[in-house]
Amino acid sequence: MLLVDTYEKKIEQDEDLKRRIAQSRPHKKLTSKRVYLDLLRKDDVLSHGAVTNEFLIKCHLEALGIESSKKKDIHLDSDRRLPLYAYTHDTFSLLLVPMIKEKKEALGSMGNDAALACLSDFSPLLFSYCQQLFAQVTNPPIDPFREQIVMSLRCPVGPESNLLEPNEELDSRLILEQPVLSLVDIEVIKRTMYKGWRSKTIDTTFPVRYGVKGLVPGLDRICCEACTAALDGYQILVLSDRAASKDNVPISSLLAVGAIHQCLIRHRLRMKVAIIVESGEAKVVHDFCVLLGFGADAICPYMVFETMYRLRHLGLLDKELNDDMVFQGYRQGVERGIFKVMAKMGISTLHSYKHAQIFEIVGLAKEVVDMCFKNTVSRLGGATFEILAAEALKRHRAAFPAAANADKHVFGDSRVLVASGTYHWRAGGEKHINEPEAIAKLQAATRTNNAKTFHEYSRISNLQQRWCTLRGQLEIKTSNKLEIPMDQVEPASEIVKRFVTGAMSFGSISWEAHTTLAIAMNRIGAKSNTGEGGEKPERYASNQDANNNLRSAIKQVASARFGVTSSYLANADELQIKMAQGAKPGEGGELPGHKVTKDIADTRKSTAGVGLISPPPHHDIYSIEDLAQLIYDLKCANPEARVSVKLVSEAGVGIIASGVVKGNADHVTISGHDGGTGASSWTGIKHAGLPWELGVAETHQVLTMNNLRSRVILQADGQIRTGRDVMIAALLGADEFGMSTAPLIVLGCTMMRKCHLNTCPVGIATQDPVLRAKFEGKPEHVVNFMFMVAEEVRYFLARLGLRTLSEAIGRTDLLYANPNPVNKKATMLEFGSILKNVHHMFPNVSTKGGTVKQTIELGELEQEILKRLDKVFSNSGEHLVISRKTITNLDRAFGTRISYEISKRFGEEGLNGTRSIKILLDGSAGQSFCAFLAKGVTVELEGDANDYVGKCLSGGTVIVYPPKKAAYKSEENSIIGNVALYGATSGDCWFRGVAGERFAVRNSGCIAVVEAVGDHACEYMTGGRVIVLGPIGRNFAAAMSGGIAFLFNQGDPFTHRINVATVDLDPPSEDDLVFIRDRIKKFVELTGSELGQHILDNWQTEHAKIIKVFPRDYKRVLLEQEEERKRIAEQKAAKEKVCSNVHKCVDPHGYFSSLVSPSFCTQWV
């Protein structure tokens, strides 16, 4: 923080300014009334005696008649509240038990293909109608675990004073360290009288006899009670549904919280009370996030604790887990999940996330939103209070059937917990797009190229979409009057060129599956996508058979920059920047070390056996301007390729897309929430992102409104599988169409949803060689599928009287809403916002995508140098030295286009032998100086450089030092900006001065020497070496899993700045010391570093300060490799010894030794 005071005519520095503000008020005195939960607990022990979670559980279960000294609890379903609150076997086996044991959320895979909550027949809880929003491009997501120093769940709750009154003592507030309360905590809060604190418990149920009309009066009642309690001076409101029974129906805890929160705000009473929820509904992370987002301050999920106690006593859970351990494991799992959800929005404290309503509601009526969720985005309308009440009563009837003596004898389906099939398909359960019959028909059709079977598959799939998706509620206006002959419609061979397979990395799927997709798409002139895992150079070799070309036309650039080199970028038709992924937007990824095979490690430029992490954000994209810079960098790295940006559908994605297009992107992908994934938390899979129908329609409309649509090609992506899907996407505005899940099913996927376990039984989503051998997919199958989809598209075009697919793009007038009449909730949806016709609204605006080319201007300095490279590229070659040129900050991405020209000619090898380029510069370099710099190029800069120096360095050498006339100390002044060497794969760097934040983030091969670094240096590093001669910033080596860093200990608190979660701090070995000294000598020679010279002059004392930052994963792998080498050497020595003994026995004088080969002898032995 920096203050320019125009009155005092002075500049106030950060530390001085904060000190003045801190001393301006007696903060300690003003906050002296703060209360902590521990104090309430101690006071409760004095007043009521000590209680435990187990004691309270027993009391509640005995009160319900489930357990007593006379009655043994032997049936889980004897607690009828379980079906009432939508608990199923999956709730325990897939979600809760893994979370308690692992202390983190359970993982799933293959995305979400189940029906939307607003279309579901299985009475989903209200939480499912809320989809999480997330950051894209601006306000980037945070990594909540590797950068935990900025994360906090600590919150003050209760009466809040006016912060603008500087002299008034603040009201007493209760400080909660986290929002998950135990049974003891809620009991203490309910009966506390500590220092005048009082709580009011409000019953959130309504009588079942009132039927569907009872919900709204029930909400009115609890709102009235809440306002009365606030006026009566109660500091805490406890909203409890414990009174739920066969006579009382629980009001959704979310409706209750939202209604009370909004009512208190309207009456200006919200600042007087805390709202605490005691609910049986809340169970998974999303439930907590939604409750906190819409008004709750803390939650006690009592059903989770009580049911886990029962599972333990039924012998279904580990006996060693006691109730406190269950609570601690569950709490930690929920905490991690909340951190993750907050971090998606770039929010670091719960205090900022709470009550912010960072969700979009999908499928609730205006009356519900206005009463309970005022000002939350809701575009579709949907279920009314009456429908929600009917669903609550349906769950109640399942739990408490209305038959005579039902409380004593419950029979049939009501007796057991019904598996609804929300997570995995179940016969008779929740509808899924991918159901077994459709999968079987699709595989049969594509393997035999049978159009009739494909038509049957298509009919089944479209029917499933009718039950599951928004596009299933839309109808295409085909007409016999408009119909034209099929032979007048463009051929399928042209339509398939608009098809793209999704971004699935080699690592998430097997080599066989990845290459089969590439071969198939190359055969039909379409595009496959590398995903974020890179691509082996042999796959884009130019001498391949055209019919079996392994090259993926789309090369993805994701946050981890795996395998992103100059050569990789130069051999692409499209470069895709992945801002988010449909199945887990705002999240990163992780590939455990045991899955990183040698092939994957080589492709990703890392070390086999060392775990790999994809950060949630791109560390060179914190704003739309940063994204524009990366687009510029990639256009310099490959001027022939179009640059794409992948976004995920959410409210406001159209505005983001407009910024992307203004940043010069040629292509935008809008991914739906239902896209697949190799592994993600169930919260991300189920509750983040929106259907692509909303995102594509919004993006097309906003781009047209801003006259940008003609500058960009728009792609839809997410569970597209039939010609009807393609047509609806086109009519809503998409030019191209991405498919991922369907092609995998064509190759053999049976939707086992075990991708994250590496146990795929058909060899697709696994790296296990035994399982990979079972892969039976063929390129022909994928080709057949694409052409069958294209033929369906031709059918629809003919029925619409359109000759080309281009004519259909954006023609929303050819769509109409036709909701499923069987589903009452579907009939309540409003599609007006999706079906707006922008052609009529903006008739003079061109909407033909990609007709206006996006161009960039290359810096004049680099253009000048490019003209001098002919001799370097000639057959004889040349060692070119370009004398000192002046560079300015207008010269962005300097060296990138030079590297492109080298990579196109010489590939990964770069310049060697008789070829090299050395460029001497002075001045101040612009952004992305020497990004993607190829091998054989050396750039020496006397001056300084902005952010992203050496980004994805590809073997080049970068030397930066301050002007020789500079009088300041280099080790105390900045020489390069932030995020240098991001994703560098090889090369050497020498920086005399201080590097900014995130130096060498995701470095996987570069060797660098620098005098000092800022915060988060060497984060996610997987290879290479970094030597820092001076100070470091906070969080050094966070998530570092490979490579080695050498530091010179500057004294306390130096080592406290190192994040030791994944690294050991070791002394250097003799070999390390030789390496470090040699590097520093060269550093001094190249840059004239005084700090380096000082270290060399005092080596005997200085070398004792060296700390070796050694990742444990990497150390383990190196140790294993060394043991393997020893084992091989010992085996070889043993064989040679036996061989020698054989020679001595058979030929003691050595007469025949010259005639017998050693290999023959070894084989004989």
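**View 1. Across the interface of domain 1 and domain 4, the rule identifies one salt bridge.** A salt bridge is taken as a side-chain nitrogen of Lys or Arg within 4 Å of a carboxyl oxygen of Asp or Glu. Its partners are the side chains of R998 and E147, with an N to O distance of 2.8 Å. The model is predicted: local features need pLDDT of at least 70 and side-chain atom pairs count only at pLDDT 80 or more, whereas totals for chains, interfaces and linings use all residues. Residues are numbered from 1 along each chain as its sequence is written, and side-chain values use heavy atoms, with hydrogens and water left out.

**View 2. Domain 1 (35-399) and domain 4 (984-1115) are two of the domains into which the protein is divided.** The bounds come from an automatic or database domain assignment. The C-alpha centres of domain 1 and domain 4 are 47 Å apart. Four residues from domain 1 and nine residues from domain 4 take part in the contact (heavy atoms within 4.5 Å).

**View 3. About 480 Å² is buried between domain 1 and domain 4.** Buried area is the accessible area (1.4 Å probe) that two parts lose on being put together, summed over both. Carbon and sulfur atoms give 50% of the area buried between these domains. On the side of domain 1, R146, E147 and I149 lose the most area to domain 4, together 86% of what that side buries.

**View 4. The loop between β31 (937-945) and β32 (954-961) contains C952.** Strands are DSSP runs (E, at least two residues), numbered from the N terminus. Phi of C952 is near 50°, a positive value in a residue other than glycine. Most residues other than glycine have a negative phi. C952 is buried, at a relative accessible area of 0% (buried means under 20% relative accessible area, 1.4 Å probe, protein chains only).

**View 5. Y1020 is placed in the loop between β35 (1004-1012) and β36 (1022-1028).** Its phi is near 60°, a positive value in a residue other than glycine. Y1020 counts as buried, with 1% relative accessibility.

**View 6. A cis peptide bond leads from D1052 to P1053.** Omega of this bond is near 0°. Most peptide bonds are trans. P1053 belongs to the loop between β37 (1042-1048) and β38 (1063-1066).

Terms used:
Helix = DSSP H or I, 4+ residues; strand = E, 2+ residues; numbered from the N terminus. Buried < 20%, exposed > 50% of the residue type's maximum accessible area, 1.4 Å probe, protein only.
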